[in-house]
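I opened a new structure today and kept notes as I went. The entries below follow the order in which I looked things up.

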Amino acid sequence: MNSVQKSISLEMVDLGRQYQRLKNEIDQAVHAVMEQTAYINGPEVNLFASELAHYLNVPHVIPCANGTDALQLALMALELEPGDEVITTSFSFVASAEVIALLGLRPVFADVNPDTYNICPQHVEKLITGRTRVILPVHLFGQAANMDALMEIANHHGLYIVEDVAQSLGANYLYNDKEQKLGTIGHIGCTSFFPSKNLGCFGDGGACFTSDAALAERIRIIASHGSSKRYFHDYIGINSRLDTLQAAILRVKLPFLDEFIHTRNIIAGIYNQLLANTSGLRLPGLQPGASHTFNQYTIRVMNERRNELMGHLERAGIPSRVYYPKPLHLQKAFAKYNNGDTNCPTAEMLCHEVLSIPMHSEMTEQEAIYVAETLNRVFK
Ligand SMILES: *Cc1c(COP(=O)(O)O)cnc(C)c1O
């Protein structure tokens, strides 16, 4: 091991380093909740909701138990009919498609853009039928889907947009000549506070946000057993709450979110620069008008060399992951929604080529340089 390598301990996400940095404040916040004993719906939950609302510049934030629940609550609040269709991306984490199917709705899979990896608006438009009610874009890896095009399609066809912002909380998007937070452009935004997200808690957590007061009220009621008055139930709801302890931790971390994103962008800048001329790699493309939060830095490895590269990286102490190895339209769980006419060739190609390399808010420039130089040695 040379001296650079010795000082480097690379992880995909380094939660320990972030905790050490904020340890005093987090420990204090957690102890205060333990002393107060309001473990469920304690004051920290509403305080966090209003602080996040302020950060996002959105009137209503409804915290819930996790990001998957946030998506489910959003779709439940739209009062759709069984068999209604929701168009979503085939290249993503399973949560969006899963909740669509769980609610008796039909997931319809759209292909993605090969550079931004996000849902392709042209394909979305082709998939619209008389049963389509919702478009559910996932802003993947930290970057916005093309919201201008999606909003235009949604407005034209009278559809809802539910944005999955779990990987891109804090990103900005220039919409209608106004800088807006991603997740506040469509009808409902949904996020996750899973530990590895841009804003992570120490367990599970999530939230919905919206500008629509009626939708906000319905989400709030559905998340609380369909009840606005205890033991009186207007809807069939679920039980989905953010723990007071998690809210207290999130209140400590929220003021650092922009700084976390800034560091991620510095690391991405080093990767962009040092890997720009590496043949056999494609770097992530940028969506015009949008900032990137680089929840992941995901490259494409051409010429079937991904496994070989992963092996080289592993031997150099560098972890890497394939997000995601199989598109949703080809997953066994969704076979019944695929009549053989689902056509997402770009999603299939990406599943063969993508590789996410270390990226987190505590990474050092030296570590990023080490990763990039190791990659370049493989491809020289
Ligand atoms: C993490 C994630 C979710 C789900 O969040 P959980 O809090 O784990 O339920 C949903 N969608 C995307 C794109 C995610 O990355």
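**Entry 1: layout.** I noted at the start that this is a predicted model. I looked up the domain assignment and found domain 1 (20–255) and domain 2 (256–378). The C-alpha centres of the two domains are 24 Å apart. I then checked who takes part in the contact between them: 50 residues come from domain 1 and 42 residues from domain 2.

Entry 2: I traced an open sheet of seven strands and wrote down its order as 1-9-8-5-4-2-3, with mixed pairing. Which strands stand at the edges? They are strand 1 (60–64) and strand 3 (106–110); each has a single partner strand, so one side of each has no neighbour in the sheet. On average, neighbouring strands here are turned by 25° against each other, direction ignored.

I went on to the pairing of strand 8 (residues 188–192) with strand 9 (residues 206–210), which is antiparallel over four bridges. Within that pair, Thr191 stands opposite Ala207 of strand 9.

Next I looked at what packs on this sheet. Helix 5 (residues 95–102) touches strand 2 (85–89), strand 3 and strand 4 (132–136), and its direction makes about 150° with that of strand 3. Helix 8 touches strand 1, strand 8 and strand 9, and its direction makes about 15° with that of strand 1.

**Entry 3: strand 4.** Is strand 4 mostly covered or mostly open? Mostly covered: four of its five residues are buried. Strand 4 is joined to strand 2 by four bridges, and the two run parallel. Thr88 has Leu136 in strand 4 as its bridge partner. Two bridges join strand 4 to strand 5 (residues 160–164), again in parallel. Here Val134 has Tyr160 in strand 5 as its bridge partner. I followed the chain from strand 4 through helix 7 (residues 147–157) to strand 5 and recorded this β-α-β crossover as right-handed.

Entry 4: I found an open sheet of three strands in the order 10-11-12, with antiparallel pairing. Strand 10 (281–282) and strand 12 (354–357) are its edge strands, each pairing on one side only. Four bridges join strand 11 (residues 297–301) to strand 12. Among the residues involved, Tyr297 has Ile357 in strand 12 as its bridge partner. Helix 11 (residues 306–315) packs on this sheet and touches strand 10, strand 11 and strand 12; its direction makes about 15° with that of strand 12.

Entry 5: I kept a general point in mind here: in soluble globular proteins, nonpolar side chains tend to be buried together. The largest nonpolar core has 45 residues, and Leu75, Phe91 and Val162 have the most contacts inside it. Several elements give two or more residues to this core, including strand 1, strand 8 and helix 12 (345–353). Which helix gives the most to it? Helix 4 does, with seven residues.

I listed the contacts of Phe91, leaving aside neighbours within four places in sequence, and they include Val112, Leu140, Tyr323, Ala347 and Val354. Apart from this core lies another, of 43 residues, among them Val58, Ala110, Val165 and Phe209.

**Entry 6: helix 9.** Eight of its ten residues are buried, so helix 9 is largely enclosed by the rest of the structure. The buried residues of helix 9 include Thr244, Gln246, Ile249 and Lys253. They pack against helix 2 (15–36), helix 3 (43–56) and helix 10 (257–274).

**Entry 7: Asp234.** Is Asp234 buried or exposed? Its relative accessibility is 54%, so Asp234 counts as exposed, the cut-off being over 50%. Not counting residues up to four places away in sequence, Asp234 touches Gly226 and Ser228. I also noted that its C-alpha atom is separated by 8.3 Å from that of Ile221, which is 13 residues apart from Asp234 along the chain.

Note on methods:
Residues are numbered from 1 along each chain as its sequence is written. This is a predicted model: local features need pLDDT of at least 70, side-chain atom pairs count only at pLDDT 80 or more; totals for chains, interfaces and linings use all residues. Side-chain values use heavy atoms; hydrogens and water are left out. Buried means under 20% relative accessible area, exposed over 50%, partly exposed in between (1.4 Å probe, protein chains only). Contact means heavy atoms within 4.5 Å. Two strands pair if DSSP finds at least two bridges between them. Axes are lines fitted to C-alpha atoms, for helices over the stretch in contact, and angles run from 0 to 180 degrees between N-to-C directions. A nonpolar core is a set of buried Ala, Val, Leu, Ile, Met, Phe, Trp, Tyr and Cys residues joined through side-chain atoms within 4.5 Å. A crossover is right-handed if, with the strands pointing away from the viewer, the path from the first strand over the helix to the second runs clockwise. Domain bounds come from an automatic or database domain assignment.
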